[in-house]
Amino acid sequence: MAALHPLAGLEPREGDELQTALRGFVQELRERERGVRLGADPEELHKQRVATRRLRSLLRSTRPQLADPDRAERLRDELRWLGRLLGEVRDRDVLIAYLVEELGTIEEAGAFGAILELLDDERDQAWNEVLAALDSPRYRKVIAELEWPPALREGERLATAATADYGRLRKAVKRLGAEPKDEELHRVRIRTKRARYAAEAVGGESRFVARAKDVQDTLGEHQDAVVAEERIRELVAQVRGTGR
């Protein structure tokens, strides 16, 4: 892993739109850490994961405009590492909640009970990995470098990235057929999320942001269902393999 450390001349530049936005998400990342460690409220982990996603998304959207794109790319890699670990826990929380809700509607609850046991074990393992990551020097280095957020080049505007993300979203939607595949809808969801995050960073709430959130939520529920179906099939196979 390339070394991450604050560099001279990277102090927040007055008026830099990107640094202002990034600092807000870095603050969210740090504020949620205590709640994540306590583990009492799953939403704390979810919000910390969202903060990592927003940071990564903005760094990706502004890549052509950055003063130091290589440094930003290293940071994106580290945020991807953290987000993946948080996601392993969050994904199991979502699936467990889904299965618990479905328990009341099925006859063979015993099979689902065995699946829930497997998920609980996986969740515990993923949770321990998150705690180990938060205690690691790697995490502390990431947080330290984020104190000096990447900046735009002189003369660049955050609105340029937001406009480009919106254009990519429109093209992705236009490419959809009458009966789009799951992976095509997932790509549109990702484009929607990036366009929304960039638009919010530029200037707060707008009609586009509200509609993008609705689309993102709807496509997110669809993707969760797709993933849940695939994961449940895998877990059922494991349960059958144990003869339960």
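Me: What counts as a helix here, and where does Q65 lie?

Reply: Helices (H or I, at least four residues) and strands (E, at least two) are DSSP runs, numbered from the N terminus. Q65 lies in the loop between α3 (42-61) and α4 (69-103). A word on the source: this is a predicted model, where local features need pLDDT of at least 70, side-chain atom pairs count only at pLDDT 80 or more, and totals for chains, interfaces and linings use all residues. Residues are numbered from 1 along each chain as its sequence is written, and side-chain values use heavy atoms, leaving out hydrogens and water.

Me: Why is Q65 called buried?

Reply: Buried means under 20% relative accessible area, exposed means over 50%, and partly exposed is in between (1.4 Å probe, protein chains only). Q65 has a relative accessible area of 5%, so the residue is buried.

Me: What makes the link between Q65 and E156 a polar contact?

Reply: A polar contact is a pair of N or O atoms within 3.5 Å; within protein, one must be able to donate a hydrogen and the other to accept it, and residues adjacent in sequence count only if both atoms are side-chain atoms. The side chains of Q65 and E156 make such a contact at 3.1 Å.

Me: Why is the pair of Y166 and F208 called edge-to-face?

Reply: Rings of Phe, Tyr and Trp (its six-membered ring) pair if their centres lie within 6.5 Å; planes under 30 degrees apart count as stacked, over 60 as edge-to-face and the rest as tilted. This rule gives one aromatic pair. The ring centres of Y166 and F208 are 5.3 Å apart and their planes stand at 90 degrees, so the pair is edge-to-face. Y166 belongs to helix α7 (residues 158-174) and F208 to helix α9 (residues 207-241), so the pair ties together parts 42 residues apart in sequence.

Me: How do you know that Y166 is partly exposed?

Reply: Its relative accessible area is 37%, so Y166 falls in the partly exposed range.

Me: How do you know that the length of α1 agrees with its number of residues?

Reply: The expected span of a helix is 1.5 Å times one less than its number of residues. For the 15 residues of α1 (residues 17-31) that should be 21 Å, and the end C-alpha atoms are 22 Å apart, which agrees.

Me: Why are the buried residues of α1 said to line one face?

Reply: The buried residues of α1 are L18, Q19, A21, L22, F25, V26 and L29. Seen down the axis, they fall within an arc of 160 degrees, so they line one face of the helix. The arc is that of the directions from the helix axis to the C-beta atoms.
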